[in-house]
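Hi everyone, thanks for coming. I'd like to walk you through a few spots in one model, so please have a look at it with me.

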Amino acid sequence: MSSPFRYGKIVTGDHFINRSADIQRIQNNNSAGINTILISPRRWGKSSLIKQVEQLNTDNELRFAFLDFFKIRTEEEFLTSYMREVIRCSISRKEELLQAGREFFRKLSPSFSFGADPVNDFTLKLTWSEAKKAKDEIINLPEVIANKRGIKIVVCIDEFQNISKLPESVLFEQELRSYWQYHNNTTYCLYGSRKHMMLELFKEESRAFYRFGDLFLLQKIPEKHWIDYIRDSFSKTGKKISKDIVHKMISHTSNHPDYLQQLSHNTWNNTDSEVTEEILSESMDLVISSNTLYYQDICEGLSTTQINLLKAILHGERRLTSAATMLEFNLGTPRNVSKNKKMLGTKDILEIHGDMIHFNDPIFEYWLKHFYL
Ligand SMILES: Nc1ncnc2c1ncn2[C@@H]1O[C@H](COP(=O)(O)OP(=O)(O)OP(=O)(O)O)[C@@H](O)[C@H]1O
Ligand SMILES: [Mg+2]
């Protein structure tokens, strides 16, 4: 029997729960031609949410193009994937694809090569020298296609903050916005997990994407939806779990979607008929051990004073620049403290609002406290 839980990848359909208000908000934006900007810490469900919005669009009224900035290192790579994905979402037959070259471009004449399934599996051949001369034509492509075909296109770009890592990104951002802002039948859904970088892009007046659309911070899924989902998934597969244990699972993972699915999966896997406290504890240990390498990597990227600062925070210290705290935890000078605090916030390890400081990753926090320090 296969596990009713999924983690580590995009979930939709039966594995996707709640988020109805978020779905509604994005759907409304898409129909009203308003761009969406979505931010959340890692693994809270951004990519799944946008994919779910696409899957709910069963009448094909909107066409969704998906790009991921995670894999893009240059402007050329961006423009080629943008073109390919925009064309892919708007065609349904190979003939349309061949026609697309002539129909949608004036300056460019891209050629295609096909795989086994020509509609989904095609590559676009375009030299960078050609593309550079026709950037306007490429950037305007979704709008041109939408207008010519009488459709609406939603261009979804994951990990959008990585645009700032492109060489000469500021100029490129200006260029994109200067065209995108005139699009009426194309909306842009831009999402990312690096809160600081995303906020800088969209909230700084000096940046091209300032106030580009409806910006929202994704929240966690309320507990009651998890309780139903976890209990139903166990009972549907002939296994028992008490309400009390489900509550403990939610609290052990601080209601973090990915970890909760991971813990649910381990618990389900370790259970023959009914979940016990021992099974829960073993399953939680497994969550921690399977993420340990990743946590060690984070720590290796930090300096000793930064680790010490995390230690002080874990001890509940909030007056981090007091002489006693700096001495007790070996934090360096007040300047070191504020620099390190800022850096841990910028790296999205900590979420800081004045004196309110918490860890973004609840299991990393637990691991630091119990295994590392
Ligand atoms: N609505 C949901 N219902 C159930 N589980 C969810 C939901 N959203 C997210 N998850 C769980 O969280 C995991 C991560 O989801 P997803 O990849 O969509 O997050 P993300 O925010 O895009 O992550 P990243 O920051 O790494 O790109 C999923 O594999 C799933 O286990
Ligand atoms: Mg994602």
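Let's begin with strand 2, residues 62-68, which is mostly covered, with five of its seven residues buried. Buried here means under 20% relative accessible area, exposed is over 50%, and partly exposed is in between, using a 1.4 Å probe and protein chains only. Helices (H or I, at least four residues) and strands (E, at least two) are DSSP runs, numbered from the N terminus.

Before going on: this is a predicted model, where local features need pLDDT of at least 70 and side-chain atom pairs count only at pLDDT 80 or more, while totals for chains, interfaces and linings use all residues. Residues are numbered from 1 along each chain as its sequence is written, chains are lettered from A and ligands numbered from 1 in the order in which they are written, and side-chain values use heavy atoms, leaving out hydrogens and water.

Which strand does strand 2 pair with? Its partner is strand 5, residues 152-158, in the parallel sense over seven bridges; pairing takes at least two DSSP bridges between two strands. Leu62 stands opposite Lys152 of strand 5.

Now to a helix, and one serine in particular. Ser169 lies in helix 8, residues 169-180. Is Ser169 buried or exposed? Ser169 counts as buried because its relative accessibility is 8%. Setting aside neighbours within four places in sequence, Ser169 is in contact (heavy atoms within 4.5 Å) with Ile163 and Ser164.

Last stop: in helix 11 (residues 243-252), Met249, Ile250 and His252 meet Leu260, Leu263, Ser264 and Thr267 of helix 12.
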